[in-house]
Amino acid sequence: MDDNKMVAGKVKKPGKRGRKPAKIDLKAKLERSRQSARECRARKKLRYQYLEELVSSKERAICALREELEMYKQWCSAMDQGKIPSEIKALLTGDDQKIPQGGSGTKTKNSKNNISSNGQG
């Protein structure tokens, strides 16, 4: 009786502690496991779709910013040559009607503010 302990009149055998596993139906356990795996794959698929959309939107934003940077570079090189681009003249005179689509610095700034206020920029 060296290996066994007496506790409250019961003999306890050494070894595993805790609850003894109930007789679980093996088929039910396998089905739960399969269902859990299906749900995990579905969550993973949604997460990847979200990330792909996020990358796509960031790439579009980068392209727009590169175009804007190129436009500003052209304006600077024109001004270095002593020419004032018509877009800058329109900005200085306050005449927004003459500015071509996408040529306004104020419109671009507003769109940047919208992106950052939405939490995506």
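**Salt bridges and overall fold**

A: Happy to! Arg 38 has a relative accessibility of 37%, so Arg 38 counts as partly exposed. Keep in mind that this is a predicted model.

Q: What does Arg 38 form a salt bridge with?

A: Its partner is Glu 31, and the closest N and O atoms of the pair are 3.0 Å apart.

Q: And how many salt bridges does the structure hold?

A: There are two salt bridges. Besides the pairing with Arg 38, Glu 31 forms a salt bridge with Arg 34, where the closest N and O atoms are 3.9 Å apart. That distance counts because the cut-off for a salt bridge is within 4 Å.

Q: Which residues are linked in a network, then?

A: Glu 31, Arg 34 and Arg 38 are linked in a network of salt bridges. Glu 31 takes part in the bridge to Arg 34 and in the bridge to Arg 38.

Q: Why do such side chains pair at all?

A: Side chains of opposite charge can pair when their charged atoms come close.

Q: Where do Glu 31 and Arg 34 lie?

A: Both are in helix H1, which covers residues 26-80. They are three residues apart, about one turn of the helix.

Q: How exposed are Glu 31 and Arg 34?

A: Glu 31 is partly exposed, at 39% relative accessibility. Arg 34 also counts as partly exposed, with a relative accessible area of 47%.

Q: Switching topic: how many disulfides are there?

A: The count comes to zero disulfides. A pair of cysteine sulfur atoms would have to be within 2.5 Å to count.

Q: What about the exposure of Cys 40 and Cys 63?

A: Cys 40 is partly exposed, its relative accessible area being 41%. For Cys 63 the relative accessibility is 44%, and this residue counts as partly exposed too.

Q: Zooming out, what helices and strands does the protein have?

A: It has three helices and two strands. Going along the sequence, the pattern reads β-β-α-α-α.

Q: How much of the protein is buried?

A: Of its 121 residues, 11% count as buried. The accessible surface of the protein is about 11300 Å², and 54% of that belongs to carbon and sulfur atoms.

Q: Last one: what share of the contacts join residues at least 24 apart?

A: The share is 28%, taken among contacts between residues at least 6 apart in sequence.

Technical notes. Residues are numbered from 1 along each chain as its sequence is written. This is a predicted model: local features need pLDDT of at least 70, side-chain atom pairs count only at pLDDT 80 or more; totals for chains, interfaces and linings use all residues. Side-chain values use heavy atoms; hydrogens and water are left out. A salt bridge is a side-chain nitrogen of Lys or Arg within 4 Å of a carboxyl oxygen of Asp or Glu. Helices (H or I, at least four residues) and strands (E, at least two) are DSSP runs, numbered from the N terminus. Buried means under 20% relative accessible area, exposed over 50%, partly exposed in between (1.4 Å probe, protein chains only). Contact means heavy atoms within 4.5 Å. Accessible areas come from the Shrake-Rupley method with a 1.4 Å probe; for residues, only the protein chains shown count as cover.
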